[in-house]
Amino acid sequence: MVNKNLRPPTLNVTPEEYKKMTAQISPRPTLIKNVVLAFLIGGLICSIGQIFINFYIIYGGLPKLAASTAGTATLIVIGATLTGIGIYDDIVKVGGAGAIIPVTGFANSMVSPALEYKKEGYVFGIGAKLFSIAGPVLVYGISSSIFVGLIYYLLDLLR
Amino acid sequence: MVSPKKVGNQTIVFENGPFIISGHTIAGPMEGQGPLAASFDTILKDTYDGEMSWEKTESKMLENAMREVVKKADILLDSVDYILAGDLLNQIISSNFAARQIGVPFIGLYGACSSMALSMAVGSMLIDGGFGSKVICSASSHHETAERQYRLPTEQGNQRAMYAQWTVTGAGSVLLSDSGTGPRVTTATIGRVIDYGETDVNNMGAAMAPAIADTIINHLNDLKRQPDYYDLIVTGDLGSVGLQLLVKLLVKNNVKVADNFNDCGVMIYNTEQDTHAGGSGCGCSALVMAGHILKEIYQGKFKKVLFIGSGSLHSPTSSLQGETIPAIGHAVSIEV
């Protein structure tokens, strides 16, 4: 809430004018650069995932679905490891959403609180805070998948 | 009752302004690679400095800054009357824990990133009021402890806004004394809490600039001074965005802004260090004030300096609840 009734002298600028000044001066995100880098890094991560999936199909003899699960698991291990050795946050700094959206980003959001809050103990540190970033993703991800599934089910009944 | 030392709205003119007899700074590794590296007494090699947690490191830095500033002045710790200190962590634990190790009467202060200026203002009042003769004024912050309290786990990947600032790792102390030679704290202007409705916690420079402008305008008005009275008018941690906004606000209010304005947050890092809008945190102004600026004053480069600490008075809870960010600026003038 903005101040009222200050003793003069006060600034002769209204909060509305100040909002405009702030918007003018605050540098904007480098949008095009961010989008291009997100595309490249995100694409790179997904390509690596595809390489693993193909590898598991060709050399592991796995069926397609199992190979895709194994490929995802491999990416999670890589994302978690890169977080543990302190590299993943640097990748996100460059790649932005391209590195946050893939499953490696999800691994990062699980491992980083685990690392961070270990000092506050296993119960109220790691236990309580492990899902501090991933929690919202799970809550709304699972909720919306149930919702979409329900619509799909109802539409299917009508057919 | 008339207050003989108070002038105008909110300024105090000290009768016997205390001498700043020494200053000591301990900087983090990243600050040690910045342009002011040569002015720091100690530069840590890593962010832990051998401790088990970053909170412990911050407290140790602050404790060392308090001990060393007394040693430098060549007096005994027993002759210090008070420690005044503040930091950013919940319940100001860095200051509390540092003062626990030292055992001198302690007043914990919270002015967010304005804590260094606040401690110097209150310390000067204690000495000028005759309540003590030696006061340690300190403040600290640590990038990692601030990140994990205010933002995200330190290894969590994210892209920071271009106007975001980087919390400084560092602790600084000055020792105020009723006797000595050299620079003195001559006036103090205690700020009022100003809120212009900024809600973006990443844009703290924008949240704080009106509070600083308000303090500067009142300081100049109370003392009937112009900005060119000072060789340097330096703000705590407005960063590049906040400093530009401050200048705009002052110009709009007919304050004659010359090139004697600067900001500790702008001074402490190189642009290559990619901190975006510069440094922030209690440690930012503590390092630059007790290090670089104090050294320049001792060397005679500056004779009259106005130092305005800037504090953003929100909490993670208040921001999540959608509250706007109140801010404050405390000013002290240092003159030789």
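Biologist: Is Asp74(B) buried or exposed?
Modeller: In this predicted model, Asp74(B) belongs to the loop between helix H1 (54-72) and E5 of chain B. Its relative accessible area comes to 70%. A residue needs over 50% to be called exposed, so Asp74(B) is exposed.

Biologist: How far apart in space are Asp74(B) and Ser119(B), C-alpha to C-alpha?
Modeller: Along the sequence, Asp74(B) and Ser119(B) are 45 residues apart. In space, the C-alpha to C-alpha separation of Asp74(B) and Ser119(B) is 22 Å.

Biologist: Let's move to the loop between E5 and helix H2 (93-102) of chain B. Is Gln91(B) buried or exposed?
Modeller: Gln91(B) has a place in that loop and a positive phi of about 55°, although it is not a glycine. With a relative accessible area of 65%, over the 50% cut-off, Gln91(B) is exposed.

Biologist: And Ile92(B), buried or exposed?
Modeller: Ile92(B) is also found in the loop between E5 and H2 of chain B. Without being a glycine, Ile92(B) has a positive phi of about 35°. Its relative accessibility is 13%, and the limit for buried is under 20%, so Ile92(B) counts as buried.

Biologist: Which side chain makes a polar contact with the side chain of Thr187(B)?
Modeller: Thr187(B) is part of strand E10 (residues 184-189) of chain B and, at 1% relative accessibility, counts as buried. Beyond its neighbours within four places in sequence, Thr187(B) is in contact with residues including Phe14(B), His219(B), Tyr230(B) and Ser333(B). The polar contact, at 2.6 Å, is with the side chain of Ser333(B).

Biologist: Now for the domains of chain B. What distance separates their centres?
Modeller: Chain B is split into domain 1 (16-177) and domain 2 (184-335). Taken over C-alpha atoms, the centres of domain 1 of chain B and domain 2 of chain B are separated by 18 Å.

Biologist: How much area is buried between domain 1 of chain B and domain 2 of chain B?
Modeller: In the contact, domain 1 of chain B takes part with 59 residues and domain 2 of chain B with 52 residues. Carbon and sulfur atoms give 65% of the area buried between the two domains. That buried area is about 4200 Å².

Biologist: Which three residues supply more than any other three of the area that domain 1 of chain B buries against domain 2 of chain B?
Modeller: Together they supply 18% of the area on that side. The trio is Cys113(B), Tyr163(B) and Gln165(B).

Biologist: Which side chains meet in a salt bridge at 4.0 Å, N to O?
Modeller: The rule finds one salt bridge across the interface of domain 1 of chain B and domain 2 of chain B. At 4.0 Å, N to O, a salt bridge joins the side chains of Asp41(B) and Lys295(B).

Biologist: Which element gives the most to the side of domain 1 of chain B that touches domain 2 of chain B?
Modeller: Across this interface there are 20 residue pairs in polar contact. Elements giving two or more residues to this side of domain 1 include strand E3 (19-27), helix H3 (115-128) and strand E9 (170-177) of chain B. With nine residues, the one that gives the most is E3(B).

Biologist: What is omega for the cis peptide bond between Pro8(A) and Pro9(A)?
Modeller: Pro9(A) is in the segment before helix H1 (15-25) of chain A. For the cis bond that joins Pro8(A) to Pro9(A), omega is about 0°.

Biologist: How much area is buried between chain A and chain B?
Modeller: Here 42 residues of chain A touch 42 residues of chain B. Carbon and sulfur atoms give 53% of the area buried between these chains, and the area itself is about 3700 Å².

Biologist: Which residue of chain A meets Arg148(B) in a salt bridge?
Modeller: Three salt bridges are counted between chain A and chain B. At 3.0 Å, N to O, the side chain of Arg148(B) meets that of Glu120(A).

Biologist: How many charged residues are on the side of chain A that touches chain B?
Modeller: Between the chains, 22 residue pairs are in polar contact. H1, helix H4 (88-95) and helix H6 (103-116) of chain A are the elements that give two or more residues to this side of chain A. By class, this side has 20 nonpolar and 15 polar residues, and the charged ones number seven.

Note on methods: Residues numbered from 1 in each chain as written. Chains lettered and ligands numbered in written order. Predicted model: local features only at pLDDT ≥ 70, side-chain atom pairs only at ≥ 80, totals over all residues. Heavy atoms only, no water. Domains from an automatic or database assignment. Contact = heavy atoms within 4.5 Å. Buried area = accessible area lost by both parts, 1.4 Å probe. Polar contact = N/O pair within 3.5 Å; in protein donor to acceptor, adjacent residues only side chain to side chain. Helix = DSSP H or I, 4+ residues; strand = E, 2+ residues; numbered from the N terminus. Buried < 20%, exposed > 50% of the residue type's maximum accessible area, 1.4 Å probe, protein only. Nonpolar A, V, L, I, M, F, W, Y, C, P; charged D, E, K, R; others polar.
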